[in-house]
Amino acid sequence: MLSVLCLSLLMVALDATILNVALPSLIADLDPDALQQLWIIDVYGLILGGLLVTSAGVGDRYGRKLLFLSGVALFGAASVVAATSESSAQLIAGRVLLAIGGAMVMPSTLSLIRNIFHDPRERTLAIGVWAAVAGAGAAIGPLVGGVLVEEYGWAAAFWVNIPVVVLTFAAGVWLLPEFKDLGHERLDWLGALLSVAGIIALAWGIKHLAKSGVDAPGLLVLLAGLGLLALFARRQLSLPDPLLDVRLFLSRPFTAAAVGTLMAMMAIGAALFLLSLWLQYVHGYSPSQAGLRTLPAALAALAGSLTAPWVMRHVSVRAAMTTGLACMVAGFLVLALSPEPTTYPYVAVVFVALGLGDGLAITTAAAVLVSAVPAERAGQAGAVSETSYELGVGLGVALLGSIHAAVYASDMAGRPSAARESIGQAAELNDPTVLAAARTAFDSALTTTAWVSVGFVAAGTVLVAWLVPKDFTATSAH
């Protein structure tokens, strides 16, 4: 059963990063502008993150197996829409549908683990395997995407989902048990609307302000998002059967796990995106060569996740999470302090540090979130965990990607307007002088973005150390 859940999770996690190395090929084919490029990459994480709470509520009430299988089927249909895209608009629409399907699958996997594995030690190990698949899947996305794109074109990054969908759906029907809580009241659809609109508005506002600076539209949408989420929280407090029991956040370790996951994934999501472009455009690697060079991140994430259950048996949650986050801080410091032009050996060290830190910190956080709730609330815990994870990736690409783009554009002042938009468009001009300037500007902007990432993850580390009691363990959460 765990293998079925992990296979579906691998598919969804791969899709979060598989397009990173496909972007140059996709740009040449569909000719998206800079804004469309960002949306093609990050709309998946933003929409998925916005829908996870609602999807978890549906699964709790109507069946987690039913929700899981429906999500897998929709993911397959959406893959066909994306693979056959003839315009940027169709591809973005396909990515939206993929996000909806993914939002149905992801909280179901974690909540089913909570229901299937009752022993805390076994459940922690299962969560370690789950997190290893999620982390490694996101990290090997560029490698898988690179091989497929080089051999068959960017559409293959979506066609590869189809056999996985068929296998997962068939195995899920046969093997997975159904879980639903008959004691739940009707789904709070107004609350669902508030949560989805609030998260998406918040994400769009941050993205707009990061790209365009402080202006009225960005501030209004950002404040609207915060207001909608505040209304959502207030409404949930008044309901006897809330869509999300916000009182869970009164637990300091629960809050630390959610916030630590969000801030860590903001940094690592942007790093994988930008470094994939750096490998191709600055160093000229092919998609498969670039993907191969991201493999240290996948292997390190796998090692960190599988080691986490053992670590949690010997040290406190605070020690495990802060150690993982500190590894990520060290990785970004290496990137920020590396001499320009940055060379791959430095980046390989960065990949290892980020992968190890991500595996250890995120696995520990997921174990705390899931173990801290009763089985009937497992969907909510899964939604919080996955929302922090996916929204972190989406916000990271949106915010840090926009900061990188702004610094890059500033360094390219005086160059052709197309070259100032992105390094991909600079490469299309076939002007060696402009491309050399673009590579230097991209590398310099990467250093700036690394320093910002150091601040994000360091703040998360301090917050976790402050919120989590010194002697708190994963069994304490249970």
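The largest pocket lies between domain 2 (188-242) and domain 3 (244-477), because both give residues to its lining. These domain bounds come from an automatic or database assignment. The model is predicted: local features need pLDDT of at least 70, side-chain atom pairs count only at pLDDT 80 or more, and totals for chains, interfaces and linings use all residues. Residues are numbered from 1 along each chain as its sequence is written, and side-chain values use heavy atoms, with hydrogens and water left out.

A pocket is an open set of points on a 1 Å grid over the protein atoms alone, where a 1.4 Å probe fits, with protein on both sides within 12 Å along at least five of seven lines. The largest pocket holds about 550 Å³ of space. Its lining comprises 22 residues, each with an atom within 4 Å of a point. Nearest the centre are Ile199, Leu229, Leu244, Phe249 and Thr387. Helix 9 (189-212), helix 10 (216-238), helix 11 and helix 16 (378-411) each supply at least two lining residues. Helices are DSSP runs (H or I, at least four residues), numbered from the N terminus. The lining has 18 nonpolar, 4 polar and no charged residues. Here Ala, Val, Leu, Ile, Met, Phe, Trp, Tyr, Cys and Pro count as nonpolar, Asp, Glu, Lys and Arg as charged, and the others, Gly among them, as polar.

Helix 11 (residues 252-282) also packs against helix 2 (residues 23-30), at an angle of about 75° and with the axes 10 Å apart. Axes are lines fitted to C-alpha atoms over the stretch in contact, and angles run from 0 to 180 degrees between N-to-C directions. Leu23, Pro24 and Ile27 of helix 2 meet Phe273, Leu277, Gln280 and Tyr281 of helix 11, contact being heavy atoms within 4.5 Å. This contact has 6 nonpolar, 1 polar and no charged residues.

Two loops show backbone features. Asp31 is found between helix 2 and helix 3 (34-62). Its phi is near 55°, a positive value in a residue other than glycine. Pro341 lies between helix 14 (317-337) and helix 15 (344-371). A cis peptide bond joins Glu340 to Pro341, with omega about 0°.

Conventions
Grid points are joined across faces, edges and corners, and a volume is the space filled by probe spheres set on the points.
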